[in-house]
Amino acid sequence: MPIEDLGVPGIGYEMTLDDLLRENRDLIAFCAGLLSGIPHTAMKVQIEERTMSIATKGLDELETYMNGLPFEAVRRISDGALQLPLPDAEIIEFVGRRNGEICQRRRLVLNAG
């Protein structure tokens with residue numbers, strides 16, 4: 001789904017002459033400054049024959065959805081890998097949070113019907 005459809009507010013920025021003449025130099029510096037203060041998080045999901053492995057960094061909660069419905073209660077997690085049995089589902093989604101804020105999301109199609 002395009003981000004425009006989600007109602008995410010933009011961050012105001014006025015282009016400069018350096019942006020126009022020097023490949024967005026000031027815009028890139030502005031964006032880099034915004035991103036430098038964000039804590040790094042990561043989530044990698046690997047599907048194996050009967051299990052799935054979810055490796056996370058910088059997250060403290062994991063939600064799991066199966067075919068669009070909540071699969072289990074919110075699970076408190078820490079950095080590292082979590083092994084779970086592979087569910088009998090067409091679509092599974094993982095939502096990773098840090099301090100209550102969604103930071104990572106993975107949606108996987110398991111059985112293409």
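1. How many helices and strands does the secondary structure of the protein come to? The answer is two helices and seven strands. Here a helix is a DSSP run of H or I with at least four residues, and a strand is a run of E with at least two, numbered from the N terminus. Along the sequence, the pattern reads α-α-β-β-β-β-β-β-β.

2. A word on the source. This is a predicted model, where local features need pLDDT of at least 70 and side-chain atom pairs count only at pLDDT 80 or more, while totals for chains, interfaces and linings use all residues. Residues are numbered from 1 along each chain as its sequence is written, and side-chain values use heavy atoms, with hydrogens and water left out.

3. Next, the overall dimensions. The protein has a radius of gyration of 19 Å, whereas a compact globule of 113 residues would have one near 13 Å. The radius is taken over C-alpha atoms, and the globule rule is 2.2 Å times the number of residues to the power 0.38. Along the principal axes, the C-alpha atoms fill a box of roughly 55 × 30 × 25 Å.

4. Now burial and surface. Of the 113 residues, 23% are buried. Buried means under 20% relative accessible area, exposed means over 50%, and partly exposed lies in between (1.4 Å probe, protein chains only). The protein exposes about 8,200 Å², and carbon and sulfur atoms supply 54% of that area. The areas come from the Shrake-Rupley method with a 1.4 Å probe.

5. Contacts come next. Take those between residues at least 6 apart in sequence: 43% of them join residues at least 24 apart. A contact means heavy atoms within 4.5 Å.

6. Look at the aromatic rings. The count comes to one aromatic pair. The ring centres of Y13 and F30 are 4.9 Å apart and their planes are at 40 degrees, so this pair is tilted. The rule covers rings of Phe, Tyr and Trp (its six-membered ring) with centres within 6.5 Å; planes under 30 degrees apart are stacked, over 60 edge-to-face, and the rest tilted. The pair links distant parts of the chain, 17 residues apart: Y13 sits in the segment before α1 (17–21), and F30 in helix α2 (residues 25–36). Y13 is partly exposed, at 26% relative accessible area. F30 is also partly exposed, at 31%.

7. Finally, T16. This residue lies in the segment before α1. T16 is partly exposed, with a relative accessible area of 27%. T16 and M43 are 27 residues apart along the chain, and their C-alpha atoms are separated by 36 Å.
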